[in-house]
Amino acid sequence: MTVPSKDVTLLPAEVEEDSQKVLLESYRSSSRLNGMRADGLQAESAHLRHQISLIHRSLSWRVTQPLRAVRSLSLGRLPSGRPLRELPERLSALWDEGGVKAIGRAVEKRFPVRERLKKNVRPSSKHSGKLSSPGASRAVVSEVSSKPEFSVAVYTDRLDKTAVTLPPRILIIAEVSIRQCAKYRVWQKRDLLERLGWTVQVVDWRDVNVAMSALQLCTQVIFYRVPGFDDVMKLVREAHRLRLEPRWEVDDLIFDAEEYLQNGNISSLPRSEQDLLMSGVLLFKRCMLACGQGIASTRALAQAMRDAGLKHVDVVENALDRETLEIAASLPSRGEAVDERVWVSYGSGTNTHDEDFRQAEAGLIAALDEEPRLCLRIIGQLRLSKEFDRFGDRVERLTELSYRDYLAALAQTDIAIAPLEPTLFNDCKSNIKFLEAAIVRVAAICSPRDAFLAVMRHEENGLLAVTRDEWKSCFLKLARDKDLRDRLAVQAWQDVTERYAPESMAFTQGKDLFGLPVAPERKALRVLMTNVYYAPRSFGGATIVVEELALRLRKSGVEVGMLTSRPHLDGRLSGNIRYVANGTDVLAAMIPDGNDVIGSMDNPHMAGQFADWLDAYQPDVVHVHAAQGLGTAMLRVCQERGVPYVLTLHDAWWLCDRQFMVRGDGRYCFQTTIDQQVCQMCVPHARHLKDRWFLMHQALSEAALLISPSEAHRQLYLANGVEPERIVVNRNGFRWPERPRTPRIPGTPVRFGFVGGTEAVKGYPQLKKCMESLDRSDWELVLVDNKLNLGFSSIHARDWSVKGHLEIVPAFSQNGLDDFYDQIDVLLFPSQWKESYGLTVREALSRDVWVVTTAPGGQSEDVVDGVNGTYLPIDARAETLAAAVEAILDQPGKFDGYVNPFKDRLATYEAQTEELLGFLEMVAKRKNKN
């Protein structure tokens with residue numbers, strides 16, 4: 001918010017507008033804070049659920065299950081936790097449902113005896129390699145394994161070179177808890193890079209999941225002072241997977257155990273701390289070598305890194321930064337001293353500099369004895385020799401100073417010293433003590449370590465000392481010659497500001513290493529799509545459509561990106577993953593589980609991930625498909641960024657808390673213009689419906705265009721306040737047959753197919769009751785269990801008691817469409833709501849498969865009752881479906897050589913893509929005009 005100057009008079013309306021902006025910003029801040037809190041709770045909850053799941057699958061849990069059951073009964077509870085008094089009622093209900101078999105199935109479901117099943121199952125002669133059970137009356141039941149079919153390799157394979165080049169962005173994964181180290185190597189580096197024009201993000205290495213997500217969107221990455229713990233090594237491997245060529249940066253020789261031990265300061269530490277440091281050395285080296293190249297703060301350190309195994313190491317020195325310069329400029333000049341004392345200062349940031357100070361100690365004591373004006377000020381932690389006790393108030397100690405106070409204290413002294421033990425460890429150290437003294441115009445005496453020699457010239461801008469006598473001579477010379485002190489201090493200030501000022505560092509050392517950021521060229525329309533699933537998790541009709549559209553848009557010259565969800569992967573961090581699938585740039589993020597209604601609807605965490613991807617991908621237009629799980633908060637991000645978005649309305653999620661407008665009893669709502677009072681009665685426990693309605697309608701009203709896959713679905717949105725000119729129909733294409741249909745063998749049983757999984761909205765309960773009610777065996781039913789592709793089963797043969805042949809298969813890929821529909825003559829589509837489209841209906845119709853479908857709705861728009869299919873009312877009655885199935889079974893010869901006469905009316909992906917591209921280009925042009 002811009003604050004107006006005092007001489008501007010604001011009108012009441014302007015005051016109100018300004019107030020509203022502040023209020024809006026407070027809401028956003030609150031939302032973000034609560035989002036972060038909720039995200040943390042979500043992660044913790046997911047971890048606990050995972051642990052509980054592991055326990056429940058363990059052998060010990062299964063072995064002790066009978067004991068827990070006995071314990072529950074002794075406490076008056078069923079194993080499920082329900083009161084024991086409910087047992088008679090439950091048994092009665094099961095008896096009414098299916099007698100002894102129903103009770104047996106319930107017991108089996110609660111206490112599965114896997115070994116017994118394995119012994120009693122025999123291979124089916126008709127369906128080689130599958131399982132059949134004699135348990136169902138006169139039925140042949142086959143079922144496949146529940147291993148996930150989607151490949152996780154895409155999440156671990158090296159990022160495809162075809163991935164779009166993102167805007168220049170450098171990520172620094174760093175140790176930020178060591179204040180001085182972070183100042184000179186992290187925050188100073190960030191400022192240097194930003195001065196060159198880079199976008200920079202800093203993440204604490206302990207926030208591994210945040211770092212994992214940030215890696216996906218950067219173009220370069222630096223690991224500063226990061227130890228090689230297992231999670232960190234995963235980050236390094238991820239950086240290599242993303243072709244980022246990571247650099248490991250350090251400013252101390254902390255990766256060489258032998259040289260580390262040569263540092264005399266280490267021996268002054270307790271043994272436990274020494275052991276901890278040595279274990280850290282191995283971890284630092286592990287991470288450094290894994291990165292493969294490095295950045296050092298000094299020439300000597302760079303050479304040590306090369307000697308340790310790195311082939312390429314660059315040097316970026318510690319330098320001055322804006323904070324240091326501003327503090328130095330704000331300090332008052334020292335003026336004339338009130339007495340003749342000459343103060344020597346030594347700053348120690350930690351308790352590991354005792355041995356370094358001893359390099360100057362003897363010379364300093366000798367100088368103090370000979371020159372009574374000479375005094376010593378110790379700033380920080382240091383163990384002084386008892387020999388200093390005799391100097392009384394000529395020795396002063398200051399501790400716990402802020403950096404500003406430290407520089408102020410330094411500026412009030414006459415001589416600064418930087419003694420360092422002559423070891424390789426210290427040769428690798430930076431010359432920062434000299435820089436700090438120079439910037440506050442204090443003359444310095446330093447040990448001639450390598451980094452100091454790179455800038456210091458003896459008796460020109462400072463003094464160098466090694467032996468006791470050299471230190472004593474330097475102290476006495478400066479103590480007795482104020483003009484010399486002033487001359488050295490002025491020259492040091494000039495040399496340091498010329499070499500180490502931020503501007504100079506940026507355009508010498510920084511530019512030489514990182515270069516100037518160059519924005520990638522943009523030649524084509526760029527579209528960012530969002531869908532809750534995407535390859536390799538090709539789950540659901542909307543996902544299939546999105547994948548096909550993305551493929552064809554790319555062939556039309558459009559650049560396509562995708563935001564989607566990712567699964568939990570053992571051994572992988574929970575952050576985002578970027579990959580390329582079918583030529584599409586994909587960013588996959590973890591989303592709330594299906595039980596988190598609010599999170600699935602409006603997820604601030606996902607909005608943050610989307611915002612980062614939006615800023616990185618920089619699309620001309622966003623095309624939102626199935627947003628449930630991803631949430632609507634990302635659309636507010638589009639509004640804030642001024643990026644137009646288009647919504648494809650695959651279902652009623654934007655209008656109703658029940659995505660398919662099916663009530664809790666499994667029956668369709670049949671509302672046209674939705675009444676919130678009716679909805680509240682339908683979901684009486686839900687307190688969020690009013691806020692939900694506001695969020696959804698706001699998202700719809702701000703969309704640049706709304707797209708419906710069918711006219712029937714468009715009418716639903718028109719009835720709920722959408723202006724006709726803002727919503728268009730773009731019929732979904734589908735994969736047409738690639739070969740002629742395999743002819744049906746006359747005289748064989750009628751083969752039915754159902755692809756709706758176990759969803760009640762798709763009519764699974766009605767289907768099950770229907771097929772179990774048939775008192776005939778002259779039929780086959782192929783059930784598609786779409787959850788098998790996600791790694792678990794949702795349809796179990798033991799739950800079915802039928803006389804026909806039942807087969808359970810996993811969801812087929814688009815390449816398997818022809819093979820699947822060759823297996824069936826009739827597609828059963830007893831959906832219990834007015835579908836927005838019905839992709840499988842069109843797939844079946846194009847392959848000369850009869851369709852039994854409910855009507856009205858988008859699912860029935862290409863079905864002509866009695867000609868290429870059968871209409872059913874949406875009444876949730878199994879008897880209605882059974883009557884249609886019986887009628888079909890009574891005329892099996894009808895499907896011998898059957899051909900759908902209306903295939904030419906069906907849509908194609910090519911036509912859908914061409915029409916969609918026109919819409920997207922229109923929206924993008926409208927944005928450019930504005």
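## Cavities in the predicted model

In this predicted model, the structure contains six cavities of 30 Å³ or more.

## The largest cavity

When the lining of the largest cavity is sorted by class, 10 residues are nonpolar, one is polar and three are charged.

## The second largest cavity

For the second largest cavity, the volume is about 80 Å³. Its lining has 13 residues, with Gly347, Tyr406, Leu410, Ala416 and Ile417 lying nearest the centre. Both strands and helices take part: the elements that give two or more residues to this lining are strand E10 (342-348), helix H15 (403-411), strand E13 (415-418), helix H17 (432-439) and strand E14 (443-446).

By class, the lining of the second largest cavity consists of 10 nonpolar residues, two polar residues and one charged residue.

## Helices H24 and H25

Helix H24, formed by residues 604-617, packs with helix H25, formed by residues 633-641, at an angle of about 40°, and the axes of the two helices are 8 Å apart. Because angles under 35 degrees count as roughly parallel and those from 65 to 115 as roughly perpendicular, H24 and H25 are therefore oblique to each other. The crossing in which H24 passes H25 is right-handed.

On the H24 side, the residues in this contact are Pro604, Ala607, Phe610, Ala611, Leu614 and Asp615, and they meet Ala633, Met634, Val637, Cys638 and Arg641 in H25. The contact of H24 with H25 comprises nine nonpolar residues and two charged residues, with no polar ones.

## Helices H20 and H21

Sorted by class, the residues of the contact of H20 with H21 are three nonpolar, one polar and two charged.

Conventions. Residues numbered from 1 in each chain as written. Predicted model: local features only at pLDDT ≥ 70, side-chain atom pairs only at ≥ 80, totals over all residues. Heavy atoms only, no water. Axes fitted to C-alpha atoms, helices over the stretch in contact; angles between N-to-C directions. Helix = DSSP H or I, 4+ residues; strand = E, 2+ residues; numbered from the N terminus. Parallel < 35°, antiparallel > 145°, perpendicular 65-115°, else oblique. Left-handed = near helix turned anticlockwise from the far one by under 90°. Contact = heavy atoms within 4.5 Å. Nonpolar A, V, L, I, M, F, W, Y, C, P; charged D, E, K, R; others polar. 1 Å grid on protein atoms, 1.4 Å probe; cavity = no way out; pocket = protein on both sides within 12 Å on 5 of 7 lines; lining within 4 Å. Points joined across faces, edges and corners; volume = space filled by probe spheres on them.
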